[in-house]
Amino acid sequence: MEKIINKFQVKYLQILDENGKCDEKLKPKLTSALIKQMYEYMILTRVFDEKALKLQRQGRLGTYAQTLGQEACQIGSGLCIKNEDFVFPAFRENGVYMLRGMPIEMLFEFWAGDERGMQIPKNVNMFPITITVGAHLPHAVGTAMAFQYQKKRGAVITYFGDGATSEGDFHEAMNFAGTFKAPVVFICQNNQWAISVPVEEQTASETLAQKAIAYGFEGIKVDGNDVFAVYKATQEALKKARSGKGPTLIECFTYRMADHTTSDDAKKYRKESEVKKWAKRDPISRLKKYMIKKKIFSEKYEKEVLARAEKQIDVAVEKAESIPRYKPEEIFNYMYETLTPDLKEQQEKMKEDLDSGVKEEDKAEEVKEVK
Amino acid sequence: MSKINMVEAINLALKQEMKKDKTVILIGEDIGEDGGVFRVTEGLAKLYGNDRVIDSPLAESGIVGSSIGMAIAGLKPVCEIQFEGFIMPALDQLISHASRIRNRCRGRYSVPLVVRCPIGGGIKALEHHSDSPETYFIHTPGLKVVMPSGPYDAKGLLISAIRDPDPVIFFEPKKIYRAIKEEVPEKEYTIPLGKAKIVREGNDVTLITYGAWVKTAKEAVEHMSDTGNYSSLSRKNSELKNSSGISVEIIDLRTLSPLDTETIINSVKKTGKAVIVHEAQKTLGLAAEIIARINEKALYSLQAPIERVTGYDVIVPLRLYENYYLPNQQKIINAVEKVMRNAG
C-alpha cells in the first residue's frame, strides 16, 4: 500500500503592498492613533539606526548591527506585546526595545561597550541581547514553560533571523515548544542574508515558515515590510499563545538593507541592484503612502515626527555619553551573587596594579575583519 | 536514621527540596516514569506530577537552554543530563549563557540552575559513559562545580546547590552511586559550597582528591597502615597515624569551583608534601591548578615535588582496559611513598 497520509499548506499574508495599496478586508482593526504610532516608532527606529551608524563611524560606539529595512517586523510585532508578556530579542531589535520602554540612552551605552546598558529596568519585560545565533530560543521556550507552570497569563515572544533556523538550538526550541505546547511566538526576521550567505543557500526549504509544520504547529509567512500584516499575524499568534493554544512561527520576509554589522562590507558579496530593488519596498514609505491616502498624514506631521525623533535620540546620546565610567574592579562583581575568595583576591590584585600605575589599554588598536 | 546509598540520598534531597519549594522543577531524559537511567528520580513523578518532573525530548542543549529560561522566570530547575559524555551539546548553553547571564545584564537576571550529571568511569560502560570532563566547567567563570564523595555529602551538597543563586554543575560519580552506604539523616541539612573537608587528619603528606577517589584514597591509606608497607622514611612527627609510619591527611574537595584554597594551603604548610588524585586526564586537570596555587602560596613549605595520580592523556579505554586508565590504591600508595622518599 502506498498513499498520501498528510498534506501541508503554508499561508502567506500581505495587507499593505509596496504602493501603499491596502487589502481592507484583511486589514485588522487599526485606529488612526495606532497607525500613527506605527509610523512614529518606525521613524524613531530608523533615526536611532542612522545615529548609531554615525557614532560608530566616529569611534563613539563599538560594532553595531543595523535595523535598517526591518522596522515593520519589529514595530508591527512589538506593538502587540503586553506588559504580561516577555521578550527575548536577538541583537538587532533596537525598535522593540524602544517600544517596550527601554531607556534609549541604555541602548547607546550598551553599543558603546558598557554592560550596564543591558541592566534592563524592572518595568521593561525584555531579556538582554543575545549575540550567539539562536541560543536564546531555548531560553524563550523555557520561560514560556515557566509561565505555563506558574499559570501566568502572558506569552513569550522571541526574535531571530534566517540564519538562526539552521542552528540546532532553533530546532530543539521549536521541538520543545511544540511538544509542551508552550505559549511562545517565534518571530523570524528573514532578511535573506546571514552575513554573506543568502537564504537560498541556508536551507532547501521553500519557506522558513514551513519548518514549524515538522514540530506540530503553525508557521505563517508574512510580508515583513508590511507593518499591518506583521501586526495582524503577531496579534493572532500572541492571542493563541496566551489562551493556551500553543506556539506559532511567523516568518517575516524582509531585507537587510545595511551591512550585517559595521564590521561587514556587503558590497563584497551581494549586488547593489538587489538592494535598490528592495529599497522600493521600504516599509516606512509604503505606510506613508497609505496614510496620505487616508488623510492622516501631512508634510507638517512628517517634519514634526522626524524632529521629535531626532531630538529624542540626541538627548539619549548626550545622556549616554555623560554617564561616568564604572570602576575597573567592578568587572568581578557579577560573576556570582557573592564574590568568591578567588575573585576577591584577583580583585585586590587588580586594584594594586592600578594603584601602582598599571594603565588600562584604552586605545587598543581595533582589529579589522579580513575582507 | 538508616544507611542509604548515594542514589537514595540524592533522591531524598530532591524529594525534600521539591516538597519545600514549589519552584523546584526537574527536567531531563527518562527521569519521569522511568526514574532516570540510574533511578535517581525514582518515584518523584508520581509524587509531584509530570509538570514538575518533566520527561524532555532527547536534546541536551534544549534541556539546559529551556532550564535557563525557567530559571530567569523565577523557577529553580534541576536538570539531569543522562551521562557526562552527553553534556557536550549543552556546553554552549552552559559556557556561553548560563554562566554569563548575571554579568551580561549586571545582575538584572540570574540563573539559579542545577545541572545534575553522572560522571566518571569504573562501571565498565560504552564510550562516552566513562569520562571526567569537569575541567571545562571549572575553567568557566560564573559556574560552580560540585562533586560529592558519598551519600551524606551528596544530600547536603545538593540541597545547597539547589538553594544557590547561581548555576551549579553537580557531578555524581557513578562508580560510587551504590558502592557506599552511610547514615544519612532524614531531616534536611546543608553542606556549604566552596568548602573542602579534611576527612582524615595527618602530618606527613596532604592527599587531595574528590568524588569517587576519596573512598579509594582512604582505603589506600588504611591499607598502608595495615600492611605497614612503608618503613624507611625519616620520621619528623610523633603523631603517626598508621604503622607504615606515614601520617596522611586526606582532603575531600567537595566543591571544585570555587576551590577551597585555604584548606589546601594550610594543610600543605603543615605537611610540606602533597599528592593529588583525580580521574580526569592529566593535562590541565584540576591537579595542575592546585599545584599552581601551592606554588603561589606554599612553595617554601614544600619538601618534595608534588605528585599527581591522574588519568592519562588518552581517551578512556573501553571496559577491558579501563582499569589501566583509572587511579587505584597502589598508584596512590606509590605516589605517597615517592613524595616521602623525595623529601628525604
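Mentor: Let's begin with a term: domain bounds here come from an automatic or database domain assignment. Keep in mind that this is a predicted model.

Trainee: Thanks! Which domains is chain B divided into?

Mentor: Chain B has domain 1, residues 2-184, and domain 2, residues 197-342. Taken over C-alpha atoms, the centres of domain 1 and domain 2 of chain B are 28 Å apart.

Trainee: How many residues does each domain of chain B bring to the contact?

Mentor: Domain 1 of chain B gives 25 residues and domain 2 of chain B gives 22 residues. On the domain 1 side, at least two residues each come from helix H6 (134-138), strand S6 (144-146), helix H7 (151-163) and strand S7 (168-173) of chain B. By class, that side of domain 1 of chain B has 11 nonpolar, seven polar and seven charged residues.

Trainee: Now the sheet, please. In what order do its five strands in chain B run?

Mentor: First the general idea: strands of a sheet pair through backbone hydrogen bonds, either parallel or antiparallel. Here the order is S9-S11-S10-S13-S14 of chain B, in an open sheet with mixed pairing. Strand S9 (197-200) and strand S14 (307-311) of chain B are the edge strands, each pairing on one side only. From one strand to the next, the twist averages 25 degrees.

Trainee: In which sense do S10 and S13 of chain B pair?

Mentor: Strand S10 (residues 205-209) and strand S13 (residues 274-281) of chain B pair in the parallel sense, over three bridges. Look for B:Ile208, which stands opposite B:Ile276 in S13 of chain B.

Trainee: And which helix packs on the sheet?

Mentor: Helix H10 (residues 286-298) of chain B does, touching S10, S13 and S14 of chain B. The direction of H10 makes about 150 degrees with that of S13 of chain B.

Methods
Residues numbered from 1 in each chain as written. Chains lettered and ligands numbered in written order. Predicted model: local features only at pLDDT ≥ 70, side-chain atom pairs only at ≥ 80, totals over all residues. Pairing = 2+ DSSP bridges. Helix = DSSP H or I, 4+ residues; strand = E, 2+ residues; numbered from the N terminus. Axes fitted to C-alpha atoms, helices over the stretch in contact; angles between N-to-C directions. Contact = placed C-beta atoms within 7 Å. Nonpolar A, V, L, I, M, F, W, Y, C, P; charged D, E, K, R; others polar.
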